[in-house]
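Subject: Structure handover and notes

Dear colleague,

I am passing on the structure below, together with some notes on what was found in it. Please read the notes with the structure open beside you.

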Amino acid sequence: MTGRRHSFPEIPTLLVALLLAGPVLAGLAGTVLPAFGYLPVLGYDRISLEPFRELLAAPGLARSALLSFGTGLVASLLSLAIVLVFAAGWAGTATFQRLSRFLSPLLSVPHAAAAIGLAFLIAPSGFLVRALSPWATGWTRPPDLLILNDPLGLSLTFGLVAKEVPFLFLMTLAALSRPHIRDFYRAGASLGYGRMATFFKIVLPQIYPLIRLPVLAVIAYATSVVDVAVILGPTTPAPLAPRLVGWMSDPDLSRRLTASAGALLQLGVTSAALLVYLILERLALSGLRGRLASGHRHRHDGAARHAGLALMVAVITVMMLSLLLLGLWSMARSWWFPALLPQRWDLMRLADTFTMGAPALWATLALAVTTAGLATALTLWLLDARSHNNRPSGRRLKALVFLPLLLPQIGFLFGLQMLFLLAGMSGSFPAVLLAQLVFVFPYAVLSLSDSWARLDPRYTKAAASIGASRARIFWQVRLPLLLRPVLTTLAVAAAVSVGQYLPTLMIGAGRIVTVTTESVALASGGNRPVAALYALLQLLIPLTGFVLAALIPAVLYRNRAAMRLERG
Amino acid sequence: MTRRFAATLGLLGTLLLPLPGTAQETDPATSQEWQSVLEEARGQTVYFHAWGGEPRINAYIGWAAREVERDFGVRVIHVKVSDTATVVSQVLAEKSVGKASGGAVDLIWINGENFAAMKEQGLLAEQGWAETLPNWRYVDVENKPTVSVDFTVPTDGQESPWGMAKLVFMYDSARLDTPPATLQALLDHAKAHPGRFSYPQPPNFYGTTFLKQVLVSTVEDKAALSRPVDDADFEALTAPLFAYLDDLHGSLWRQGEAFPQNASHMRQLLADGELDIAFSFNPGDAAGAIANGELPPSVRTFVLDGGTIGNTHFVAIPFNSSNKAGAKVFADFLLTPMAQTRKQDPEIWGDPTVLNVAALPANEKALFEALDLGPATLSPEDLGPVLPEPHPSWVAALEDAWLQRYGAE
């Protein structure tokens, strides 16, 4: 390829920069300025370090920061380990295929809903204790055991693992769907390597670059998660992110300054976790390099394989049980300890919610489809233009794209809200669309850019050599080859769009009602059946998306053996 | 000299007050001013931002919206929020960019600290509008002082009362014979049955209310609580409160290492038998929850001797609403005896009225008398005296002190 280097950036780069720069800068200003004591509307018009002093004086702050760091990092590492060990032992087998079928429903459960289901499963008055009481335990009343909200954050870590494993599994699955992976397995087997050894020594080095960004996103998410932490996490003190939200919504408006300073601390905590991960990655690489080439075949890996399977099955079982319990709750009227099943049912509510929730469902769908479509199209355009001009990565652009994921939303959104108000757009559909795009776009880039970069360049070279135009190469070569990752990206982007609560509420000014704004408002009352019902409503759109993303390639590629997913 | 001047002013004031008889003759609902408000309101759309966590309340708001649309041509849209703070944020952001009209919020469900903050920051519509509503005449200003003084802050007519709140406790009569009648008895019960009592974790509103309940009941100088906390000797005044909480802490649910998140979580824990006692700010809550299947039918309500904390919740109009007339029409509708009776029905919501029922015209009075509050709701006479809320500045101080002691171990 001729190195046509322009000194000017491409149109899509400019477009993305323009689209994101305003919101990101406004969001950043909305966080940084108050953190340094500048919030003129409340009468704070001098730069000072007072908010940081206030922040540091908050009791238990160090512990909160440590909890966010620890639970987030440990949960991410555990999730990655479970996914890799399982994939190593079972990729390409019928078991692998069978378990990957559970992915779509698991990925579609909103985080908070999964946490509610899990909490009900493991609480002292929850399903597991009920299943054993009173016949085995003798408990006629729930025991006073500290399982949820434990001070070390164990149940929070567990909840995060249960929710992150499916996401990393999906990303690994997409990475494994590249051509030639099967050849690596054959090569490994013919050289006498065990299945796991083949994966770790030959396949993983090939696919790891594809799952690296998703892992980093999981760390960023897990260290700053709010909803799951509120339900499962410790509260005396709570991790940093929920405390920030508490300060931000304190009726004493001056606490917003403390919250903004806290948001910068949160950024520090997340960055520290990412940094630690990168250091671990490097250590693992240098430590493993010798072993990778040692020539050990590790043929007896049965125990490790089954351990991987057991862990994965455990995670899937827990999640499916939680989901099932959520389904039961949505139809329950009364369901008290120690009843194993609801004592009274209420199907009217189910019917009512679906009729009343229909307009919200349509609005959510419209937003999800447009946002996901735009985010994916923009990502493809950007990637195509950049690879055409031979500049695959732009650090500054990446920083701009990923900043909204790294900064706590609530402070960020206050700046964003002011920007939209100034533009006179607040409360309109396009405004909400744009605001969601700021948070959805990074995920589209995340899930698509590596698949794009790893596409064998010989295909496009071959097409170009027979005179195909750039557009034709894109539509007839690249896009069909990338169909699976593109559809996955669309589904992920749609799921992220559906999950947006604060951006929709704050930029939509209450004019745009989605199933998520409805369900979070209703869940704030703590009524389990209602919360469960809306969680199911929230699950509909992502579930449809993931199912379609899995079905469409299967149908389109039914006659193309090489494009099918790995099979043993 | 000054004293005599003041006395003269007072006398003048009495003379200027309209005679009770004349007020009855001219119906404020037919006054020229109100007619023009009604005219202006017709065709307006009011965005009512209100907490949306309780389906029963949402259904009530939906009903009220349909009524005013039919009768006055005002469209009311309930914007369900999870936290009033996001609404305050919205108005604050609008003020920050100088948006003085056409604000997104036309009416907010509010009280206490959030009201005090919005009032102080100038985020509310002009003073006095609430008192111009025709149904204001039925509001029980005399016997329910909190309808015009919100957490010791005068409302100045910047918010219109909607309902009364009073701290009540709930227990399951199938598990507990006699509920404790005093704070000391509550402490003894907790000690005798460790792990079966708790309170929502402050700064949750209900948890803070429990702290205030103990504070108001144990403090020596009650008058100090109605002044800003900065003027008081916080340490000395709260010493009995924290002595009580210290004593209680070891016997709490989960040994005080975790707390219920909010009132409905506590209600759920009561239903499951994790807790012996839960509490609510709505005396009709237990009855409503029983009707809804959320609590067993054996649940009953009780209050503590000497009274419990009570307050009023309101609706307020932000400074930059462009549908103020419509918002006023809706606020007035919420005050009608018909809307207030319906609200008090435990099957519907169970929220006590702000009106002076005894002073209502016979027909309207009959509506209230026909209400069946059910066995789980205490009658107004049994609800006991209302203890006043401390000044709003005490809330943050109490929450900080609590966090310092129990929130970060």
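Two residues are said to be in contact if their C-beta atoms, placed from the backbone, lie within 7 Å. This is a predicted model, in which local features need pLDDT of at least 70 and side-chain atom pairs count only at pLDDT 80 or more, while totals for chains, interfaces and linings use all residues. Residues are numbered from 1 along each chain as its sequence is written, and chains are lettered from A and ligands numbered from 1 in the order in which they are written.

Helices (H or I, at least four residues) and strands (E, at least two) are DSSP runs, numbered from the N terminus, and two strands pair if DSSP finds at least two bridges between them. In chain B, three strands form an open antiparallel sheet in the order E8-E7-E9, with strand E8 (277-280) and strand E9 (299-302) at the edges, each pairing on one side only. The twist from one strand to the next averages 35 degrees, where axes are lines fitted to C-alpha atoms, for helices over the stretch in contact, and angles run from 0 to 180 degrees between N-to-C directions.

Strand E7 (residues 168-172) of chain B pairs with E8(B) in the antiparallel sense over four bridges. B:Phe169 has B:Phe279 in E8(B) as its bridge partner, and B:Tyr171 stands opposite B:Ile277 in E8(B). A residue is buried if 20 or more other C-beta atoms lie within 10 Å of its own, exposed if 12 or fewer, and partly exposed in between, again with C-beta atoms placed from the backbone. B:Ile277 and B:Phe279 point one way from E8(B), whereas B:Ala278 and B:Ser280 point the other way, and all are buried. Helix H10 (residues 263-272) of chain B lies across E7 and E8 of chain B and runs at about 150 degrees to E8(B).

A nonpolar core is a set of buried Ala, Val, Leu, Ile, Met, Phe, Trp, Tyr and Cys residues joined through C-beta atoms within 7 Å. The largest such core has 274 residues, and those that touch the most other members are A:Ile116, A:Leu168, A:Val440, A:Ala493, B:Met170, B:Val329 and B:Phe330. Helix H10 (residues 195-223) of chain A provides the largest share of this core, 16 residues. A second, separate core of 16 residues includes B:Leu211, B:Val214, B:Phe242 and B:Trp402.

Turning to the two chains, 48 residues of chain A are in contact with 53 residues of chain B. On the side of chain A that touches chain B, H18(A) gives the most, with five residues. That side divides into 24 nonpolar, 16 polar and eight charged residues; here Ala, Val, Leu, Ile, Met, Phe, Trp, Tyr, Cys and Pro count as nonpolar, Asp, Glu, Lys and Arg as charged, and the others, Gly among them, as polar.

Each chain also has two domains, whose bounds come from an automatic or database domain assignment. Chain A is divided into domain 1 (7-48 + 347-568) and domain 2 (59-345), and their C-alpha centres lie 22 Å apart. The contact between them takes 45 residues from domain 1 of chain A and 53 residues from domain 2 of chain A. On the domain 1 side, H25(A) supplies the largest share, 14 residues.

Chain B is divided into domain 1 (39-162 + 312-375) and domain 2 (168-310 + 387-407), with 27 Å between their centres, taken over C-alpha atoms. Their contact takes 17 residues from domain 1 of chain B and 14 residues from domain 2 of chain B.

A:Met319 counts as buried because it has 23 C-beta neighbours inside 10 Å. Not counting residues up to four places away in sequence, A:Met319 touches A:Leu106, A:Ala114 and A:Ala162.

With best wishes
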